[in-house]
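Visitor: I have a structure on my screen and would like to learn how to read its features. Where do we begin?

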Amino acid sequence: EFRYGRSVGRGRGLVARLLPQQSGSGQGPNIGGVDTVRLEREVELRLEGMATGLLPAPDPVAGPAVDLPVYVTCDGSLTTNLSANVITLEDAVEVRRGELATGGDQLSCDVLAIVLGEPAGVGAAAPSGLQVVEIQASGGPAIVRSGARQVEVRTGRLGYEVQSRRIRLDGDEPVSVTSVGFELQAAALDYTPGPDGALGDLLAAGPGWLRAVGEQPPAIETSWQKSLQVQPDAPGHVASLSGQAEVAVDLQGRLTGAEMHLWFT
């Protein structure tokens, strides 16, 4: 059992790899520090103070949801590389903040890497001052569910940069994103939300397709072979499709072209 700042955890079996002193005294053990610490199996963590998240907050504005603890479990090992500030968990990794029914988040994957760094604008920080800067997950597939956004993501690999909230998805199989009235599938996806959680920049590598159904029909289907890129273009956004681009509206018609640009608000 251990405590790290406000966070606590437990597991079975501990292996520590030590570092030698640069200039040993020649007497007694030559120990200059700790390189890695590994818990071998059945790991449970309760992480506190993760307002910036192991998972993207439902809203970047501070609220009750961002203060919830993050629970992490895995059947395999947890390895903390102290020199690289990386924590790696393996085998049936589950991450949970809150309950899905009440707007919580869940992540399931085979391998999870948590990259730590010093808070922005802070010099040499004590270990308790380190914060999560990036999350990397992989699986067959890795699955993310958000109750607040009512979104499910399935991907071979996921990268999440906490400060910018940039999300990168790719893998051997197509990436899929499903939400209420919305489905997207692509070879890879790179998304950075705009200010206050607004729509931001999206790049979806092809081949891919998107289907959207609003509160009222008709449904709109879009497909592309090369890429779909969405960027801000005041007063709204522009969606650019490349490579056998096609947009179809149920019962109304179909538009095709090598390249297509659609402006929307």
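Visitor: Is Ser 108 buried or exposed?

Guide: The model is predicted, so every value here is computed from it. Buried means under 20% relative accessible area. Ser 108 has 16%, so Ser 108 counts as buried. Ser 108 sits in strand β7, residues 105-117.

Visitor: Which residues does Ser 108 touch, not counting residues up to four places away in sequence?

Guide: Ser 108 touches Val 93, Glu 94, Pro 141, Ala 142 and Ile 143. With Glu 94 there is a polar contact, side chain to side chain, at 2.7 Å.

Visitor: Where does Pro 141 lie?

Guide: Pro 141 belongs to strand β8, residues 131-146. Look at the peptide bond there too. Most peptide bonds are trans. Gly 140 and Pro 141 are joined by a cis peptide bond, with omega about -5°.

Visitor: Which other residues does a cis peptide bond with omega of about 0° join?

Guide: Gly 206 and Pro 207. Pro 207 lies in the loop between β14 (201-205) and β15 (208-212).

Visitor: Next, backbone angles. Which strand holds Asp 91, and what is the phi of Asp 91?

Guide: Most residues other than glycine have a negative phi. Asp 91 has a positive phi of about 75°. Asp 91 is in strand β6, residues 86-97. At 45% relative accessibility, Asp 91 is partly exposed.

Visitor: And what is the phi of Arg 165?

Guide: Near 65°, also a positive value in a residue other than glycine. Arg 165 is in the loop between β9 (151-161) and β10 (166-170). Its relative accessible area is 24%, so Arg 165 is partly exposed.

Visitor: On to charges. How many salt bridges are there?

Guide: Side chains of opposite charge can pair when their charged atoms come close. The cut-off is a Lys or Arg side-chain nitrogen within 4 Å of an Asp or Glu carboxyl oxygen. By this rule there are 15 salt bridges.

Visitor: How far apart are the closest N and O atoms of Asp 190 and Arg 166?

Guide: They are 2.5 Å apart, and the pair forms a salt bridge. Asp 190 is partly exposed at 23%, and Arg 166 is partly exposed at 28%.

Visitor: Where do Asp 250 and Arg 211 lie?

Guide: Their side chains meet in a salt bridge at 3.8 Å, N to O. Asp 250 is in the loop between β18 (236-249) and β19 (253-264), and Arg 211 is in strand β15, so the pair ties together parts 39 residues apart in sequence. Asp 250 is partly exposed at 32%. Arg 211 is partly exposed at 26%.

Visitor: Which residues do salt bridges that share partners join into one network?

Guide: Glu 134, Glu 161, Arg 166, Arg 168 and Asp 190. Within it, Arg 168 forms a salt bridge with Glu 161, with the closest N and O atoms 3.7 Å apart. Arg 168 is partly exposed at 28%, and Glu 161 is partly exposed at 23%.

Visitor: Which residues make the nonpolar surface patch?

Guide: Leu 18, Ile 31, Val 34 and Leu 82 make a patch of about 310 Å². Ile 31 is in the loop between β2 (7-19) and β3 (33-47). Its relative accessibility is 41%, so Ile 31 is partly exposed.

Visitor: Strand β2 came up. Which contacts does Val 15 make beyond four places in sequence?

Guide: Val 15 is in strand β2. Val 15 contacts Thr 36, Val 37, Arg 38 and Glu 40. Val 15 and Thr 36 are 21 residues apart in sequence and 8.2 Å apart in space, C-alpha to C-alpha. Ser 7 also lies in strand β2. At 8% relative accessibility, Ser 7 counts as buried.

Visitor: Zoom out. How many helices and strands are there?

Guide: Zero helices and 19 strands. Buried residues make up 34% of the 265 residues.

Visitor: What is the average pLDDT?

Guide: pLDDT is the predictor's confidence in each residue. The average is 85, and 88% of the residues score at least 70. Over residues 60-65 pLDDT stays under 50. Over residues 123-127 the pLDDT is also below 50.

Definitions and conventions: Residues are numbered from 1 along each chain as its sequence is written. This is a predicted model: local features need pLDDT of at least 70, side-chain atom pairs count only at pLDDT 80 or more; totals for chains, interfaces and linings use all residues. Side-chain values use heavy atoms; hydrogens and water are left out. Patches are made of residues with over 30% relative accessible area and no salt bridge: like charges are joined within 9 Å, nonpolar side chains (Val, Leu, Ile, Met, Phe, Trp, Tyr) within 5 Å. Accessible areas come from the Shrake-Rupley method with a 1.4 Å probe; for residues, only the protein chains shown count as cover. Helices (H or I, at least four residues) and strands (E, at least two) are DSSP runs, numbered from the N terminus. Buried means under 20% relative accessible area, exposed over 50%, partly exposed in between (1.4 Å probe, protein chains only). Contact means heavy atoms within 4.5 Å. pLDDT is the predictor's confidence in each residue, from 0 to 100. A polar contact is a pair of N or O atoms within 3.5 Å; within protein, one must be able to donate a hydrogen and the other to accept it, and residues adjacent in sequence count only if both atoms are side-chain atoms.
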